[in-house]
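The notes follow in the order in which I checked them.

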Amino acid sequence: MEDYTAAARRHWADAQLLDREQRRQNADHHYGFAAECALKSALQAMGYFREEAHRKHINVLWNRMQATAFQHRFPGLVGLLAGSNRFDDWDVEQRYHGDGAVTEEAIKVHRDCAHRLLRAVGLFRG
């Protein structure tokens with residue numbers, strides 16, 4: 001079985017390392033994976049994870065989340081998910097794009113949102 005909690009933490013740590021080294025294209029990629037795994041860990045913890053519905057990347061997965069479903073166990077997710085999809089411009093295919101394809105503003109939005117998601121599902125307090 002997948003360990004989305006460990007994967008979320010690992011992708012976050014990798015994103016931070018890459019970001020510090022000015023490798024922002026790959027850092028952004030990992031911020032997306034960290035956010036995706038954070039949501040999947042919450043779904044899994046609640047027994048809601050369904051392979052056919054949730055084996056999606058963050059840009060698609062976000063739109064499949066019902067914010068109110070998390071209200072009791074992960075109340076911090078409700079406000080985040082009720083807002084606009086902050087990863088709608090993120091795509092797994094970005095891994096093939098050239099340097100500079102992801103803007104600094106997009107990376108900042110993804111970093112901040114991934115951080116908030118990981119905190120909201122209790123994966124870290126930082």
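Basis of the entry. I am working from a predicted model, in which local features need pLDDT of at least 70 and side-chain atom pairs count only at pLDDT 80 or more, while totals for chains, interfaces and linings use all residues. I number residues from 1 along each chain as its sequence is written, and side-chain values use heavy atoms, with hydrogens and water left out.

Cysteines. I took a disulfide as a pair of cysteine sulfur atoms within 2.5 Å. By that rule I count zero disulfides. Seen from Cys-113, the closest cysteine sulfur is that of Cys-37, again at 14 Å and too far for a bond. I also looked up accessibility (relative accessible area, 1.4 Å probe, protein chains only: buried under 20%, exposed over 50%, partly exposed in between). Cys-37 is buried at 7%, and Cys-113 is buried at 2%.

Salt bridges. I used this cut-off: a side-chain nitrogen of Lys or Arg within 4 Å of a carboxyl oxygen of Asp or Glu. The count by this rule is nine salt bridges.

Arg-55. I found a salt bridge between the side chains of Arg-55 and Glu-2, at 2.8 Å from N to O. Arg-55 sits in the loop between helix H3 (51–54) and helix H4 (58–64), and Glu-2 in the segment before helix H1 (4–20), so this pair ties together parts 53 residues apart in sequence.

Helix H6. Where do Asp-112 and Lys-108 lie? I placed both in helix H6 (residues 104–120), four residues apart, about one turn of the helix. Asp-112 and Lys-108 form a salt bridge, and their closest N and O atoms are 2.9 Å apart. Asp-112 is partly exposed at 33%, and Lys-108 is partly exposed at 40%.

Network. Which residues are linked with Asp-19 in a network of salt bridges? I listed Arg-24, Glu-104 and Arg-111.

Technical notes. Helix = DSSP H or I, 4+ residues; strand = E, 2+ residues; numbered from the N terminus.
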